[in-house]
Amino acid sequence: MTLPSYLEDQLISLPGTDRQRTLRIWNPTGRKALIVGIHGGMSHSGDYATVGEFFKSRDIVTLSVDLAGHGEQKRILLTDFDAFLDDVEAMLEFAATRFPALPVFITGHSMGGLIAAHFALSERAQRWQVRGMILSSPYFANAIPVPRVLVVLSGILSTLLPRAKVPMESVTNVLTRDPEITMRHHQDEALQRRASEASFGFGHALLEAQARLRKHGAWKQLPVFAAIAGNDKLADSAVAIEWLKKIDGHLLTLRHFPEHFHENFNEPDRDLLFADILAWMNALLEPASQMATGDRA
């Protein structure tokens with residue numbers, strides 16, 4: 001088996017709440033901004049390879065850590081959603097130490113988008129100067145609705161049998177239309193870098209986080225770029241769009257890709273999306289750059 005390549009420049013072992021976790025860095029020589037990447041459920045930090053590769057050549061650092069309960073294990077056993085918020089803060093603290101003064105953009109795909117939204121709405125976000133947020137197929141609701149009886153049972157089972165396996169079909173072949181990345185996902189599963197099973201505790205934690213988010217109004221100050229996949233078998237695109245439209249119009253840039261599967265960042269035409277994101281980032285960076293030029297003058 002050919003081992004998957006994630007193209008990172010550096011691997012660092014970062015302390016986590018449960019164990020040491022892998023932090024990947026895609027690090028250009030020139031640096032004008034930094035992306036903090038939050039990966040999706042069942043995944044790992046290596047899934048930011050396409051983001052890291054593209055933005056590295058545009059002088060933007062990308063870093064991503066294996067989230068709590070993820071990376072190097074077959075089943076996700078985590079039951080505390082707030083552990084993910086701890087991971088976001090750990091990445092921000094690392095970025096502030098390693099790359100001080102770089103403007104930061106938080107990026108979340110799928111479950112990572114759910115985490116990013118919760119982080120932006122929390123008091124934790126007030127500690128950090130985040131320039132903007134990028135969301136890809138945010139997992140605000142399941143594409144296949146979960147019957148109410150199962151939601152109730154998930155709470156009971158998460159208490160009685162939190163580590164038990166949730167019965168679920170594999171979705172690996174409907175994540176992206178890129179056959180090479182689909183092959184990499186299967187290899188990751190064989191190596192247990194990517195999980196193939198979820199526990200009742202993990203599933204219930206996600207359902208609760210989705211329910212809490214829907215009760216929140218959207219934030220009013222942070223610019224957001226959102227990419228929504230139209231052929232998404234995992235995340236409910238309509239629910240995501242409905243929630244995103246709560247954001248003030250001048251802060252929201254919404255892009256819809258009718259043909260995309262779930263993983264926008266891994267689709268064959270991803271460079272077009274990345275170029276759009278880059279233009280959005282540059283527009284947010286430009287006022288600060290002009291201010292700095294004026295100060296020097």
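How many of the 8 residues of helix H1 are buried? In H1 (residues 49-56) 6 are buried, so this helix is largely enclosed by the rest of the structure. The legends below treat a predicted model, in which local features need pLDDT of at least 70, side-chain atom pairs count only at pLDDT 80 or more, and totals for chains, interfaces and linings use all residues. Residues are numbered from 1 along each chain as its sequence is written, and side-chain values use heavy atoms, with hydrogens and water left out.

**Figure 1. Helix H1 and its buried residues.** The buried residues of H1 are Ala49, Thr50, Val51, Gly52, Phe54 and Phe55. Buried means under 20% relative accessible area, exposed over 50%, and partly exposed in between (1.4 Å probe, protein chains only). Helices (H or I, at least four residues) and strands (E, at least two) are DSSP runs, numbered from the N terminus.

**Figure 2. The protein chain as a whole, for orientation.** The protein chain has 8 helices and 10 strands. Of its 297 residues, 54% are buried. The C-alpha trace spans about 65 × 45 × 40 Å along its principal axes. A compact globule with 297 residues would have a radius of gyration near 19 Å, and the 18 Å of the protein chain agrees. That radius is taken over C-alpha atoms, and the globule rule is 2.2 Å times the number of residues to the power 0.38. Among contacts (heavy atoms within 4.5 Å) between residues at least 6 apart in sequence, 82% join residues at least 24 apart.

**Figure 3. A network of salt bridges that includes Asp86 and Arg124.** A salt bridge is a side-chain nitrogen of Lys or Arg within 4 Å of a carboxyl oxygen of Asp or Glu; by this rule there are 18. The network links Asp86, Glu89, Glu93, Arg124 and Arg127. Between arginine 124 and aspartate 86 the closest N and O atoms are 2.8 Å apart. This pair links distant parts of the chain, 38 residues apart: aspartate 86 is in helix H2 (residues 82-98), and arginine 124 is in the loop between helix H3 (111-121) and strand E7 (130-136). Both partners are partly exposed, arginine 124 with a relative accessible area of 22% and aspartate 86 with 32%. In the salt bridge of glutamate 93 with arginine 127, the closest N and O atoms are 3.9 Å apart. Glutamate 93 lies in H2 and arginine 127 in the loop between H3 and E7, so this pair ties together parts that are 34 residues apart in sequence. Glutamate 93 is partly exposed at 39%, whereas arginine 127 is exposed at 53%.

**Figure 4. The salt bridge between glutamate 263 and arginine 194.** The closest N and O atoms of this pair are 3.4 Å apart. Glutamate 263 sits in the loop between strand E10 (252-257) and helix H8 (270-296), and arginine 194 in the loop between helix H5 (179-190) and strand E8 (197-198), 69 residues apart. Glutamate 263 is buried, with a relative accessible area of 3%, and arginine 194 is buried at 5%.

**Figure 5. The largest pocket and its lining.** Its space is about 1,400 Å³. On a 1 Å grid over the protein atoms alone, a pocket is an open set of points where a 1.4 Å probe fits, with protein on both sides within 12 Å along at least five of seven lines; lining residues have an atom within 4 Å of a point. Grid points are joined across faces, edges and corners, and a volume is the space filled by probe spheres set on the points. Of the 48 lining residues, Tyr139, Asn142, Val166, Met168 and Ala198 are the closest to the centre of the pocket. Helix H4 (148-160) and helix H6 (200-214) are the elements that give two or more residues to the lining, and H6 supplies the largest share, 6 residues.
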